Amino acid sequence: MPGRPVSSLRPRDLRRGAALTLVFLGVLGTAAATGCWDRGDALAPPARAEGRTGAVGAGYREAVERAAAEAVADGKSGKQAAEEVVSRSGDRWAVVYDQTEYAEFEAALDGHYTGVGLWVEAGRDGRIQVSRVQRGGPADRAGIREGDLLRSVDGHRVTGLGPARVVGLLRGEADRAVAGTPVVLVLERDGRTRTETLRRERLSTEPVTVERLPDGVLLIKVSAFTKGSGERVRAAVREAPRGTGVMLDLRGNRGGLVTEAVTAASAFLDGGLVATYDVRGDQRALYAERGGDTGRPLVALVDGGTMSAAELVTGALQDRGRAVTVGTRTFGKGAVQMPTELPDGSVAELTVGHYRTPAGRSLDGRGINPDLVAADGAEERARGVLGGLGVAP
């Protein structure tokens with residue numbers, strides 16, 4: 001990539017024959033590095049204010065490109081210069097990757113990453129906490145658990161660091177960001193500190209799991225919309241026996257590829273609008289494929305961790321009266337990013353527009369309020385709803 005002219009790249013899904021990618025705060029890049037679909041700022045509640053939710057326009061992109069080019073010409077880091085422009089822009093969803101990070105980002109979209117199988121998040125006090133551990137991964141085998149505090153990575157204290165920096169340390173710099181390399185973590189649990197030396201591995205995500213419950217309900221859990229996840233949802237619905245109700249669990253889904261989200265929505269829709277969006281003022285639309293199951297009882301489970309492309313699916317099913325939504329308000333990320341390549345080979349994911357549900361609702365900073373609010377016992381409430389829709393043991 002170095003030496004190529006500065007250019008605006010196509011939306012990532014176009015490379016895969018689709019329209020665009022919705023990415024939450026670079027969460028897929030974080031996933032690529034650590035096994036995480038989250039970033040520290042995800043702990044903050046969705047913004048209520050309308051201002052500074054995204055910087056849209058060619059002028060913004062050009063300013064980022066210009067700053068990076070000038071830095072490279074002066075022998076400085078184009079990535080750092082781009083990050084400075086982004087930090088002043090008000091684009092809270094933007095992220096800048098170096099070449100290694102972006103390559104891992106691309107791999108994560110295909111459901112693979114190099115890391116230790118940790119999901120992390122940052123609290124308001126700056127402490128880094130483990131929010132999830134991938135089953136069977138290096139962290140899991142070492143006994144690391146959700147709720148553990150991460151104090152340092154390879155001797156670098158992480159408390160107070162930005163999430164991107166923590167991710168970089170966990171991933172490893174340059175030649176260390178490969179399977180087999182060691183990483184030393186200092187963790188704390190219940191006031192006790194311990195040190196673990198893990199080795200990074202090439203890991204695969206399991207974005208879709210399907211379980212047949214004993215009461216005539218099919219539980220489809222989608223943790224992320226990586227490549228192939230939408231078709232897995234459609235296959236699970238097609239193969240379900242007649243009369244089986246579906247619980248589509250989107251809780252904790254951090255988003256991913258919009259094409260996969262549209263394919264998943266198509267499992268329950270017979271064509272029609274899924275969402276509209278704009279790219280620098282140019283209005284476009286996303287449509288479901290024909291032939292989905294429109295009669296099967298359906299409940300969608302959502303919570304504050306339901307973000308981006310997962311909210312697109314939720315909004316489409318809710319607006320079109322196809323599903324009863326149960327849970328708590330979703331996160332509220334409705335921005336569209338496109339990648340721009342910089343002179344040093346780094347890539348800036350910049351906000352270029354926003355999407356709306358079929359009914360015209362803008363979700364950015366607002367989220368989706370479920371039809372039935374249920375913080376605890378959401379699955380039990382969902383079963384009750386399905387019973388009322390005609391599903392019986």
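**An opening pair**

Which side chain meets D148 in a salt bridge? R194 does, with N and O 3.9 Å apart; a salt bridge here is a side-chain nitrogen of Lys or Arg within 4 Å of a carboxyl oxygen of Asp or Glu. The two sit 46 residues apart, D148 in the loop between α6 (138–141) and β7 (149–153), R194 in strand β10 (residues 192–199). Helices (H or I, at least four residues) and strands (E, at least two) are DSSP runs, numbered from the N terminus.

D148 is buried at 2% relative accessible area, while R194 is partly exposed at 24%. Buried means under 20%, exposed over 50%, and partly exposed in between (1.4 Å probe, protein chains only).

**About the model**

This is a predicted model: local features need pLDDT of at least 70, side-chain atom pairs count only at pLDDT 80 or more, and totals for chains, interfaces and linings use all residues. Residues are numbered from 1 along each chain as its sequence is written, and side-chain values use heavy atoms, leaving out hydrogens and water.

The whole structure has 19 salt bridges. E379 in helix α11 (residues 378–388) pairs with R251, at 3.0 Å from N to O. Shared partners also tie D148, R189, R194 and E196 into one network.

**The nonpolar core**

A nonpolar core is a set of buried Ala, Val, Leu, Ile, Met, Phe, Trp, Tyr and Cys residues joined through side-chain atoms within 4.5 Å. The largest one has 40 residues, and those touching the most other members are I220, F225, L248, F268, V274 and L312. Helix α10 (309–319) is among the contributing elements, and α10 gives the most, 6 residues.
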